[in-house]
Amino acid sequence: MKDRIREIYKNVAQDSDELKMWREKLEKQIETVLEKEREEMNITEYEKCRDRYYEIAMLAEEGGFILGFQYMLQLIIECSSKV
């Protein structure tokens, strides 16, 4: 089931306008965090660090989507069994 949810995330949800809005907020936050360290790094170090932050954030985003989807299904099952 997780593979199917991951497929939905990659093919549908990942390109949604709402998710794009959240990504913009994430990008701004990453830039804010790195701004403090930018002066101490050369451009290559900065880009590697930024890319690591993005990698971690994208993994968390996907995991959050999968967990949220699973919880939603559990809630639907619980609610439908009480009817």
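Is glutamate 62 buried or exposed? Keep that question in mind while the tour works its way from the whole chain to single residues.

Before selecting anything, note that this is a predicted model, in which local features need pLDDT of at least 70 and side-chain atom pairs count only at pLDDT 80 or more, while totals for chains, interfaces and linings use all residues. Residues are numbered from 1 along each chain as its sequence is written, and side-chain values use heavy atoms, with hydrogens and water left out.

**The whole chain**

Begin by showing the protein chain as a cartoon, where you will find three helices and zero strands, in the pattern α-α-α when read along the sequence. Here helices (H or I, at least four residues) and strands (E, at least two) are DSSP runs, numbered from the N terminus. The radius of gyration, taken over C-alpha atoms, is 17 Å, well over the 12 Å that the globule rule (2.2 Å times the number of residues to the power 0.38) gives for 83 residues, so the chain is more spread out than a compact globule. Turned along its principal axes, the set of C-alpha atoms fills a box of roughly 60 × 20 × 20 Å.

Next, colour the chain by accessibility: 18% of the 83 residues count as buried, a word that means under 20% relative accessible area, with exposed meaning over 50% and partly exposed in between (1.4 Å probe, protein chains only).

**Helix 2 against helix 3**

Now select residues 17-38, which form helix 2, together with residues 43-81, which form helix 3; the two pack at an angle of about 145 degrees, with their axes 10 Å apart. Axes are lines fitted to C-alpha atoms, for helices over the stretch in contact, and angles run from 0 to 180 degrees between N-to-C directions. To see where they touch (contact means heavy atoms within 4.5 Å), show side chains including Leu19, Arg23, Leu26 and Ile30 of helix 2, and Tyr46, Tyr53, Met58 and Glu61 of helix 3. The residues of this contact divide into eleven nonpolar, no polar and six charged, where Ala, Val, Leu, Ile, Met, Phe, Trp, Tyr, Cys and Pro count as nonpolar, Asp, Glu, Lys and Arg as charged, and the others, Gly among them, as polar.

Select arginine 23, which lies in helix 2 and is buried, with a relative accessible area of 16%. Leaving aside neighbours within four places in sequence, arginine 23 is in contact with Tyr9, Gln14, Met58 and Glu61.

Then move to glutamate 62, whose place is in helix 3, and the opening question can be answered: at 15% relative accessibility, glutamate 62 counts as buried. Beyond its neighbours within four places in sequence, glutamate 62 is in contact with Arg6, Tyr9 and Lys10.

**Further stops on helix 3**

Select glycine 64, also found in helix 3, which is partly exposed, with a relative accessible area of 41%.

Finish at glutamine 74, in helix 3, which counts as partly exposed at 45% relative accessibility. The C-alpha atoms of glutamine 74 and aspartate 15, 59 residues apart along the chain, are separated by 25 Å.
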